[in-house]
Amino acid sequence: MDVPLPHLDRPFDYLVPEALDADARPGVRVKVRFAGQLVDGWLLERAESSEHPKLAYLEKVVSPVPVLSPEVARLARAVADRYAGSLADVLRLAVPPRHARAEKAVTTDTPPTDEPAPGGTEPDGSPADGTEPDGSPADGTAPADGTAPADGTAPADGTAPADGTAPADGTAPGGVPSEAADAGARPGGRAEVDPRGWRDYPAGPALLRALTDGRPARAVWSALPGEDWADRYADAVAATVAGGRGAVVVVADARDLDRLDAALTAVLGAGRHVRLAAADGPARRYRAFLTARTGGVDVVIGTRAAMFAPVRRLGLVAIWDDGDDLHAEPRAPYPHARDVLLTRAQLGDIAAVVGGYARTAEAQLLVETGWAREVVADRAVVRARTPALAPTGDDPQLARDPGAASARLPSLAWTTARDALRVDLPVLVQVPRRGYVPSVACADCRAPARCPHCAGPLALPSAQGTPACRWCGRVAAAYACPKCGGRRLRASVTGARRTAEELGRAFPGVPVRTSGREEVLATVPGGAGLVIATPGAEPVAEGGYGAVLLLDSWALLTRADLRAGEEALRRWMAAAALARPGTAGGRVVVVADGALAPVQALLRWDSAWFAARELAERRELGFPPAVRMASVTGAAEAVADLLAGARLPGDAEVLGPVPADEGRERMLVRVPRSRAAAMAEALHAAAGQRSARKAADPVRLQVDPLTLF
């Protein structure tokens, strides 16, 4: 039932009246009477009998279309259990709201056939090999830090041994076949897909052949600078389709979705795939969902709304740029698209690809445990494709320009932009903050300027604008510093529009464009002048940018966030990847100290090294993904009440409390990865006890939240 109460998170039995017998098929939407009210629900299965002696009847079958497939139902249950949530909450994310007109537009004369998931699952939907998506056994035998067995033997699921040697069947770690094993004939005589751009990666062609053969290859792909990632994903999807299977690909935003949509149309042809995104509107989204559910297409692409897409004969799940926070669902139970897709790959024994210019610690864990194999280019290829990268804060630069340590646009960045503009090449300037001046401070004592009403940060909308609160919107025309009484304000952080204004004066006569939340540019023509963009909104330039300037690095690196360095590197690499190769005149300048680890990873274009370093540090300090953590947020009494009723594992650590927003507090629960299921079950049961006795104060449960502090 669609009731978001933890203590009602279980199936209920109802009788099917004879009038509804034909339409009441597993997967359809129904209405039932519960506690005197008519509530929505999904029919999970039909049975001949029930152990309950007295049952009520179904009130209505909302639609005879079975929108919930058994595979998605099993996945939704697994996701709910992993995130200490309720099945009803997950099904709201998995099945879009019904749109009657769109439903009539989709042919449903032939009902969907629900084929069982290809091998690797038990009858209850659990993995046959008993492993977690990260490669660790579900029975708790894995080491607490998530590393591979110390004896070098292969895990129970047949993935790579700890010493990195190939298993006896000739496959490489993560199921990607080794070149020696793949040199033989193709099973079934299927046509081989042209690897094209994947030839730049030694394991790339083997990955495509594995997808064509329907083997469960798992790969963590580190893309080269200038790589057309959408074309590479289109190649992978085409290989999967050539093998008679379907694919689901998830991207972060609409701009990436448009790019992937165009690439797939070019490779597969029109009408061979659908896009599934909440931003497309309810009618279009539901029509695409039903097209996939009824078997009209074998490929679904989309934002995180597509992670539960009902594709039959699914053979590949893939995600691009898994470090983007847009992949994290903001609604309960707050699943992450990467983890949902990996769980789906594990349950269905299918292929998975996690790709990006930068690598997250979570992706690195997949590689280190042997669940996936890394697909990277040789260093010679990396050097040939990488633009010339330079920091402004190292000793040689400071010797030539002592002011570079404090200047927002040091001389190196200015001359790099000038040289590119002289030869009519576009210049990209990445600025972390949008707006004009998003943060101001007292010009006398440098104290941050706060709203007198809600204590929110004050910002300037324009050069002649009046300070206004970014939280409540109130104007603070007569602002006076509460510490020193000063009335003059100075910019603490400079936004994209102010940067465009300053660079327009520095380079007179050069066209300046901005790309950000208000207006996102998809592409810019060659010789387009200066492009000022916030992270994630950088447009693609024809032929690549002649120069890329990464400004205000301190705003990214000094954030009070566990992922600050990882996020900074991800944003820098995404922008630097748009530059021309160094041999073609492409240059990238990062305004930061060259000795910092994220800057070093950028200069060498080696995000794998930084991800391994991050994972090792988090393993030592006990932070995700080396361990599993749950955040319990709410009023102090409510948080204490829930934790007191939770039967947590004996090795669980309870940390806190720490202040949260709106006067609430947060407690953190930390367990080894092998005990994650027990922690989630205990927290969900405790939440059910509170909802059963109608506790007044709500408590928010989040497992492995992106933000811990």
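The questions and answers below concern a predicted model of one protein chain.

Reader: How many helices and strands does the chain have, and what share of its residues counts as buried?

Author: The model is predicted. Its secondary structure comes to 19 helices and 26 strands. Of the 709 residues of the chain, the share that counts as buried is 53%.

Reader: Among contacts between residues at least 6 apart in sequence, what share joins residues at least 24 apart?

Author: The count concerns contacts in the chain, meaning heavy atoms within 4.5 Å. Taking the pairs at least 6 apart in sequence, the share that joins residues at least 24 apart is 73%.

Reader: Which element gives the largest share of the lining of the second largest pocket?

Author: This pocket has a volume of about 1,200 Å³ and a lining of 41 residues. Two elements give two or more residues to that lining, α15 (564–576) and α6 (254–268). The largest share is six residues, and the element that gives it is α6.

Reader: How many residues in the lining of the second largest pocket are charged?

Author: Nearest the centre of the pocket lie D253, T534, P535, G536 and A537. By class, the whole lining has 17 nonpolar and six polar residues, and the number of charged ones is 18.

Reader: A533 is in strand β19; is A533 buried or exposed?

Author: A533 belongs to β19, which covers residues 530–533. Beyond its neighbours within four places in sequence, A533 is in contact with L428, V429, Q430, V431, S515, E538 and P539. Its relative accessible area is 0%, and the cut-off for the class is under 20%. A533 is therefore buried.

Reader: What distance separates the C-alpha atoms of A533 and R497?

Author: A533 and R497 are 36 residues apart along the chain. The distance between their C-alpha atoms is 9.3 Å.

Reader: Why is strand β23 described as largely enclosed by the rest of the structure?

Author: In a regular strand, side chains alternate between the two faces of the sheet. On one side of β23, V627, M629, S631 and T633 are buried, and on the other R628, A630, V632 and G634 are buried too. The strand is largely enclosed because the number of its residues that are buried is eight of eight.

Reader: Which residues stand opposite T633 in β25 and in β26?

Author: β23 runs antiparallel to β25 (residues 665–672), and eight bridges join the two. Its pairing with β26 (residues 699–703) is also antiparallel, over five bridges. The bridge partner of T633 in β25 is R666, and the residue opposite T633 in β26 is R700.

Reader: Which elements are included in what covers the buried residues of α2?

Author: Helix α2 spans residues 87–94, and seven of its eight residues are buried. These are L87, A88, D89, V90, L91, L93 and A94. The cover over them includes β2 (37–42), α1 (70–82) and α7 (282–293).

Reader: Which residues does D89 touch, leaving out those up to four places away in sequence?

Author: D89 is found in α2. It is buried, with a relative accessible area of 12%. With residues up to four places away set aside, D89 touches P4, A332 and P333.

Reader: Where does P333 lie, and what is omega for the cis peptide bond that joins A332 and P333?

Author: P333 lies in the loop between β8 (314–320) and α8 (337–348). The bond joining A332 to P333 is cis, with an omega of about 5 degrees.

Reader: The peptide bond from G656 to P657 is cis; in which strand is P657 found?

Author: Omega of this bond is near 5 degrees. P657 is found within residues 653–659, which make up strand β24.

Notes: Residues are numbered from 1 along each chain as its sequence is written. This is a predicted model: local features need pLDDT of at least 70, side-chain atom pairs count only at pLDDT 80 or more; totals for chains, interfaces and linings use all residues. Side-chain values use heavy atoms; hydrogens and water are left out. On a 1 Å grid over the protein atoms alone, a cavity is a set of points where a 1.4 Å probe fits but cannot get out, and a pocket is an open set with protein on both sides within 12 Å along at least five of seven lines; lining residues have an atom within 4 Å of a point. Grid points are joined across faces, edges and corners, and a volume is the space filled by probe spheres set on the points. Helices (H or I, at least four residues) and strands (E, at least two) are DSSP runs, numbered from the N terminus. Ala, Val, Leu, Ile, Met, Phe, Trp, Tyr, Cys and Pro count as nonpolar, Asp, Glu, Lys and Arg as charged, and the others, Gly among them, as polar. Buried means under 20% relative accessible area, exposed over 50%, partly exposed in between (1.4 Å probe, protein chains only). Two strands pair if DSSP finds at least two bridges between them.
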